[in-house]
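Visitor: I have the sequence and the model open. Please show me how to read a few features.

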Amino acid sequence: EVYRRFARISHSHRDGSRQGETSGGTRSRRFHQGHQKIILSAHEDEVRALAVYNHDGKAYLASGGYDNNIKIWSLDDYSIVQTIKANNRIRSLIMLDVDESKMLASGDTEGRIKLWSVDNYDSIGTINAHTKTIYSLDVLECDGKICLVSGSYDHTIKIWDLENKSALKTLRNDSDINAIVVFMNGDRACLASGDDSEDVSLWME
């Protein structure tokens, strides 16, 4: 097996979500100790995912919303440089560096992963990954190549080969997956997941 369950860490409580501002325009506010808050408003429903990346020497922010759109923002002047029509509500985003090229991966409420070129923002692939919402995405190196990891409300975590868009491994959990993160513990690759049972699970090679 690629991973085995290593530990479960229980918590006595979980944080609730909060509603963000939805008014239009780009605004700037001062807050604690003179710091600045810049509000970027373009979505027409809740914003549920963010990813930051660099491309051709410039920095960008991608935001995914329940309005079925991904907005690409320039971090130079905070303008929208692209709107990607994703057709489904976006719940997770991550930037991937694969074979010296960058692509944006999105996870939606229908359980699909979509891959987008950051050169022209065209769709370059779709994976019918899960049966329920994909709440979290991360990246894992598998035998020298980049793989995508997805966590879903269908109680599974899947590791994906991006070349043939097939699942290398399915990790089964007892409850809905809300968050995943891949990290190194010494020389061992590990994966942590947070779920609806108020637990954190650690998976190790």
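Visitor: Before we go on, what am I looking at?

Guide: This is a predicted model, where local features need pLDDT of at least 70 and side-chain atom pairs pLDDT 80 or more, while totals for chains, interfaces and linings use all residues. Residues are numbered from 1 along each chain as its sequence is written, and side-chain values use heavy atoms, without hydrogens and water.

Visitor: With which side chain does aspartate 108 make a polar contact?

Guide: A polar contact is a pair of N or O atoms within 3.5 Å; within protein, one must be able to donate a hydrogen and the other to accept it, and residues adjacent in sequence count only if both atoms are side-chain atoms. Here the partner is the side chain of asparagine 88, at 3.4 Å.

Visitor: Where does aspartate 108 sit, and what is it in contact with?

Guide: Aspartate 108 lies in strand E9, residues 101-108. Strands (E, at least two residues) are DSSP runs, numbered from the N terminus. Contact means heavy atoms within 4.5 Å. Leaving aside neighbours within four places in sequence, the contacts of aspartate 108 include Arg89, Ile90 and Thr133.

Visitor: How do I read a sheet?

Guide: Strands of a sheet pair through backbone hydrogen bonds, either parallel or antiparallel. Two strands pair if DSSP finds at least two bridges between them.

Visitor: How many bridges join E14 to E15?

Guide: E14 (residues 156-161) and E15 (residues 166-172) are joined by 6 bridges. Isoleucine 159 stands opposite lysine 169 in E15. Their hairpin has 4 residues between the strands, and lysine 165 takes a positive phi near 55° there.

Visitor: And E13 with E14?

Guide: There, 5 bridges join E13 (residues 145-152) to E14, again antiparallel. Serine 150 stands opposite lysine 158 in E14.
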